[in-house]
Amino acid sequence: TNGDVYIADGYGNHRVAVFDAKGMFLRQWGSAGTGPGQFGVAGGGHPHCIVLGNDGLVYTCDRGQDRIQVFDKSGNLVKIIPVIPGTGTPGIGTAGSAWDVEFSPDRRQELMFNADGGNEVVWTFNRLAALAGGALEAAPGQGILAGFGRPGHNAGEFTFLHTVAADSKGNLYIAETVGGRRIQKFVPRRGKGNDLHVFTPAGNPQQLLPHYDPVK
């Protein structure tokens, strides 16, 4: 709200860095390690994402350690939200389950979406349920409502699922990197008898091309 810029400096320094609107350095937090408030070293850059919620909290992806760490704007750790523990275990060929985070467009941001590139699944969390409870670390699976996706190149499947973004209507745009190299759009529809959002590929699946050329 004041123009400050929050940066996930994961590939170099395993920290969050904050600058003001004029580019002046303000503060930083985080270090390499496995403890609360630290970020993993193996398996790529951590923190791998950083997103500010309407609640004023800073959500960061500790990808290699399969968790979303939530801080206040001063860097005080508020909550650790596990995604799929064990995905980022060194030596099994994956790079963790917390790659990117996005929120639903409602004011309360009731839903939180997590791009899990290690398992090729987009997980839908009840954001408030994931934050609930007095413990610093949530229980594994706490707040997870549903997930969609599986490995592959067909419509609705993912290869190196990397980032997720939502528009004002709640449509999701999922980007795949490396061997995927495409963007898929998913549209929400209400489940019967509950408030779960079920996402299906938008349009004709036959028109989802495997590759997109960069804009020139």
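**Reading the buried parts**

Analyst: In this predicted model, Cys61 has a relative accessibility of 0%, and because buried means under 20%, Cys61 counts as buried. Cys49, at 4% relative accessibility, counts as buried too.

User: To which residue does a disulfide join Cys49?

Analyst: The disulfide joins Cys49 to Cys61, with an S to S distance of 2.0 Å, and a search of the whole structure finds one disulfide. Cys49 lies in the loop between β3 (25-29) and β4 (50-52), while Cys61 lies in strand β5, so the pair ties together parts that are 12 residues apart in sequence.

User: Is this disulfide right-handed or left-handed, and why?

Analyst: The torsion about the S-S bond of Cys49 and Cys61 is about 70°, so the disulfide is right-handed.

User: Which residues touch the most other members of the largest nonpolar core?

Analyst: As a general idea, nonpolar side chains in soluble globular proteins tend to be buried together. Here the largest nonpolar core has 17 residues, and those touching the most other members are Tyr59, Ile68, Ile81, Val101, Met112 and Phe125. At least two residues of this core come from each of β5 (58-62), β6 (67-71), β8 (100-103) and β10 (121-126), and β10 supplies the largest share, three residues.

User: What does Tyr59 touch, leaving aside residues up to four places away in sequence?

Analyst: On that count, the residues that Tyr59 touches include Cys49, Ile68, Phe103, Met112 and Leu131.

How values were computed: Residues numbered from 1 in each chain as written. Predicted model: local features only at pLDDT ≥ 70, side-chain atom pairs only at ≥ 80, totals over all residues. Heavy atoms only, no water. Core = buried A, V, L, I, M, F, W, Y, C linked by side-chain atoms within 4.5 Å. Buried < 20%, exposed > 50% of the residue type's maximum accessible area, 1.4 Å probe, protein only. Helix = DSSP H or I, 4+ residues; strand = E, 2+ residues; numbered from the N terminus. Contact = heavy atoms within 4.5 Å. Disulfide = S-S within 2.5 Å.
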